[in-house]
Amino acid sequence: MSKTIVGVMGPGADATPQEQDAAFELGKLIAGRGWILLTGGRDAGVMDAASRGAKAAGGLTVGILPTADTGEMSSWIDIPIVTGMGQARNNVNVLSSEVVFACGLGPGTAAEIALAVKARKPVIMLCGPSEALNFFSSFGDSRVFTASGPEEAIEIGSRFVPDEVEKKV
């Protein structure tokens, strides 16, 4: 049986301290569930904070890097996937994740949320503006949620993780 991969997306260099704190906690909770954390892999903002959190809890981290090398990679990434695809790697991030957690909002994160909605992946948004939730929810997809914090985000996300669903049956 394959392992569950979940993605944490969010701003890089422009991430706020609140977004980074939430991403760190989210990474810890993801690792605590035994899920594999997937991020954009860079050493900035939400990507770095979530990976650092997962490693603090003994988790496994995957980074889908936009560059053709590992020069900007977070030191908390276990498995770097070097793509040389720039922002096109966002599609890999989304399609490789069972659940997408959006921690904050920037242009790249908005693109990833839109890709997730199109792919019918569950999206749990935290630390983002309510206008964004309303916008993405307006597409009629009931897979876009908002969470008040990392614990609630994980609880919502667990409804869509195959191994968690099997345990409840």
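Arginine 33 is partly exposed, with a relative accessible area of 29%. In this predicted model, arginine 33 forms a salt bridge with glutamate 155, and the closest N and O atoms of the two are 4.0 Å apart. The pair connects distant parts of the chain, since arginine 33 sits in the loop between α1 and β2 while glutamate 155 belongs to helix α6, 122 residues away. Glutamate 155 is partly exposed too, at 42% relative accessible area.

**Salt bridges**

- How many salt bridges are there? The count comes to three.
- Side chains of opposite charge can pair when their charged atoms come close.
- Besides the pair described above, lysine 28 and glutamate 25 meet through their side chains in a salt bridge, with an N to O distance of 3.7 Å.
- Lysine 28 and glutamate 25 are three residues apart in helix α1, so about one helical turn separates them.
- Lysine 28 counts as partly exposed because its relative accessibility is 32%, and glutamate 25 is partly exposed at 24%.
- Aspartate 78 forms a salt bridge with lysine 55, where the closest N and O atoms are 2.9 Å apart.
- Aspartate 78 lies in the loop between β3 and β4 and lysine 55 lies in helix α2, so this pair ties together parts that are 23 residues apart in sequence.

**Helix α1**

- Helix α1 covers residues 17-32, which makes 16 residues.
- Which residues of α1 are buried? They are Glu19, Ala22, Ala23, Leu26, Gly27, Ile30 and Ala31.
- These buried residues pack against several elements, among them the strands β1 (5-9) and β2 (36-39) and the helix α2 (45-56).
- Their packing partners also include β5 (100-103), β6 (123-126) and α6 (150-158).
- After α1 comes glycine 34, which has a positive phi, near 85°.

- Threonine 61 is part of strand β3, which runs over residues 61-65.
- Is threonine 61 buried or exposed? Its relative accessibility is 0%, so threonine 61 counts as buried.
- A polar atom in the side chain of threonine 61 lies 2.6 Å from the backbone oxygen of tryptophan 76.
- Setting aside neighbours within four places in sequence, threonine 61 is in contact with Leu37, Ser51, Ala54, Lys55, Trp76, Ile77, Asp78 and Ile79.
- One of those contacts, Ile79, is found in strand β4 (residues 79-82).
- Isoleucine 79 is partly exposed, with a relative accessible area of 36%.
- Together with Leu60 and Ile81, Ile79 makes a nonpolar surface patch of about 210 Å².

- Serine 148 is located in the loop between β7 (144-146) and α6.
- Serine 148 counts as exposed because its relative accessibility is 73%.
- The side chains of serine 148 and glutamate 152 are joined by a polar contact of 2.7 Å.
- Serine 148 and leucine 126 are 22 residues apart in sequence, and their C-alpha atoms are 6.3 Å apart in space.
- Phenylalanine 139 is in the loop between α5 (130-137) and β7.
- Phenylalanine 139 is exposed, at 51% relative accessible area.
- Phenylalanine 139 and threonine 16 are 123 residues apart in sequence, with 28 Å between their C-alpha atoms.

- Arginine 120 has a positive phi of about 60°, although arginine 120 is not a glycine.
- Where is arginine 120? Arginine 120 lies in the loop between α4 (107-118) and β6.
- With a relative accessibility of 52%, arginine 120 counts as exposed.
- Cysteine 127 is another residue other than glycine with a positive phi, near 65°.
- The loop between β6 and α5 holds cysteine 127, which counts as partly exposed at 26% relative accessibility.

Terms used. Residues numbered from 1 in each chain as written. Predicted model: local features only at pLDDT ≥ 70, side-chain atom pairs only at ≥ 80, totals over all residues. Heavy atoms only, no water. Helix = DSSP H or I, 4+ residues; strand = E, 2+ residues; numbered from the N terminus. Buried < 20%, exposed > 50% of the residue type's maximum accessible area, 1.4 Å probe, protein only. Polar contact = N/O pair within 3.5 Å; in protein donor to acceptor, adjacent residues only side chain to side chain. Contact = heavy atoms within 4.5 Å. Patch = residues over 30% accessible without salt bridge, like charges linked within 9 Å, V, L, I, M, F, W, Y side chains within 5 Å. Areas by Shrake-Rupley, 256 points an atom, 1.4 Å probe, with all protein chains shown as cover. Expected span 1.5 Å × (residues − 1).
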